[in-house]
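Biologist: Before we start, could you show me the model, so that I can learn how to read its features?

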Amino acid sequence: MSRIEPAARAGDRWSLVAVAGLLSFTAMLDMNVVTIAVGDLARELRVPAATAQWAVLGYQLPLVALLLPVGRWLDRAAVRPALGAALAGFALGCGAAALAPSIGWLIAARLMQGACGSVLFVLMPVLAAGAVRPELRGRAMSVPATLGPLGAVAGPAIGGLLLDHLGWRAVFLVVPPVCLAAWLTARRALPSTPPPPRPGRAALGAAAPAAATVTPPHRPARAAFGEAGLVAGAVAAVLLGLTFAAGAPGWALLVLAGIPPAVGWLRRPGGRAVREVLRAGRTAGVHGAVLALGAGFAATHLVLALQLQRDGRHSATATGLVLLCFPLAMGVFGPLGGRLADRFTPRRVAAAGGALTALGLLSLVPLEAGWSLPSIAWRLALAGAGTGLYGGPVQALVMAAAPPGRAATAGAAVQLARSLGFTLGPAPAVALWSHWGPHPALFAAFLATALAAGLLAVPARQPRAVPSPDPRRPADAPLDRA
């Protein structure tokens, strides 16, 4: 995939932006729709709840672990066939999960979905950013940034409805129709393209010695698989360690096992490509802000859910309705954030959104048992409005700063930062809540979002010009051609 080319005034393809929104909604919906069915899965398949939990982890682990390797691959692959294959694999994985006769079959189907989902996650910002002119990019990026959280919220609601009336197998059949709609829309917007060139020195974007031109073709593929294995091992160690640390703190030590493969990957071409994206675009601080805001959001959501239902103070339904105020406000203010980013600058709007989110979370810190649900709801809505203002502009900022030929790597890096934030936030928040109550946990979430707002407010130096990694391809090659 080449550098994102701004669309001509008459060539803005909002249908591709719609596809990016559908991908975002679908991927986040599937990540959350299964969570509510874990208990029924365990009973019907006759396995422990911890084993049934792998119906969720089996999707999350490959999705997050493969983001960076997939981003590097998509920088060289054709968009249309990659999107079609990922959507087909995702839908087939859903069908296989619905027909699963055993937990092993189900986990294998979910692993397949997660691997295909990593491609969809990377393509979301790439499609949206490359479909419109630069002056409309903030508006376009706000579409997937808004629909993703709405999919996350809709997941448990849709899953619960299907679970009560049709059983857990129906939960997996929500996504295939959306995949079909996304493919039919993208098929009209993306013309067919010739197959990408065989990976070589130019395609890999590395200044390889002359001997690399005669390297056997299987070596780049083997190296790519090796890099993917290192990233997957590092991310899996972090995710598993933090996931199981809530029940047994000793699991947190597993995070340390992710350090050696991460260091090894950073020394390889894939790691150098990501460092190039962060360095050339001066977006390391932006990615840190994305991670911090994700951690603050996830921590607040979990702590409030635990606190509101503590000792039976509020029902699960009442708690869910209160927590729904955050994504609803985010959905309302997301399009506004995109328009403001196009009128002013993405960094200023993103920083203002981060500051508003921090203000909303700060207002929640004095939380007491006597607070009414509406008083909590408006504070969550304030934080959600800030997150809506921030989502589209920050993605537009990252994609606009992506070096030529590195759009997919930039998209993968920001998606990984967000996913790690969602994973890193809950564990320390639950630990603080368990030992000292909600106040320190909510204050830690506020500090994370305040840090994010500060990182976004710091003006970045002008990015360095980076030549296209493929000298055979023009620097202004359009999105469709590679």
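Modeller: Let us begin with handedness: α14 passes α20 in a right-handed crossing, where right-handed means that the near helix is turned clockwise from the far one by less than a right angle, and left-handed anticlockwise. This is a predicted model, in which local features need pLDDT of at least 70 and side-chain atom pairs count only at pLDDT 80 or more, while totals for chains, interfaces and linings use all residues. Residues are numbered from 1 along each chain as its sequence is written, and side-chain values use heavy atoms, with hydrogens and water left out.

Biologist: At what angle do the axes of α14 and α20 cross?

Modeller: Two packed helices are described by the angle between their axes and the distance between the axes. Here helix α14 (residues 284-308) and helix α20 (residues 426-436) cross at roughly 35°, and their axes come within 8 Å. Helices are DSSP runs (H or I, at least four residues), numbered from the N terminus, and the axes are lines fitted to C-alpha atoms over the stretch in contact, with angles from 0 to 180 degrees between N-to-C directions.

Biologist: Which residues of α14 and α20 meet?

Modeller: From α14 come Ala298, Ala299, Leu302, Val303, Leu306 and Gln307, which meet Pro426, Ala429, Val430 and Trp433 of α20, contact being heavy atoms within 4.5 Å. By class, this contact of α14 with α20 has nine nonpolar, one polar and no charged residues; Ala, Val, Leu, Ile, Met, Phe, Trp, Tyr, Cys and Pro count as nonpolar, Asp, Glu, Lys and Arg as charged, and the others, Gly among them, as polar.

Biologist: Is Thr300 buried or exposed?

Modeller: Thr300, placed in helix α14, is buried, with a relative accessible area of 3%, because buried means under 20% (1.4 Å probe, protein chains only), exposed over 50%, and partly exposed in between. Leaving aside neighbours within four places in sequence, Thr300 is in contact with Leu361, Leu364, Leu380, Leu442 and Ala445. The C-alpha atoms of Thr300 and Phe446 are separated by 8.6 Å, although the two are 146 residues apart along the chain.

Biologist: How does one read the packing of α18 and α19, and at what angle do they pack?

Modeller: Helix α18 (residues 373-400) and helix α19 (residues 407-424) pack at an angle of about 145°, with axes 9 Å apart, and their crossing is right-handed. Val394, Gln395, Val398 and Met399 of α18 meet Ala407, Ala410, Gly411, Val414 and Arg418 of α19, a contact with six nonpolar, two polar and one charged residues.

How values were computed
Helices (H or I, at least four residues) and strands (E, at least two) are DSSP runs, numbered from the N terminus.
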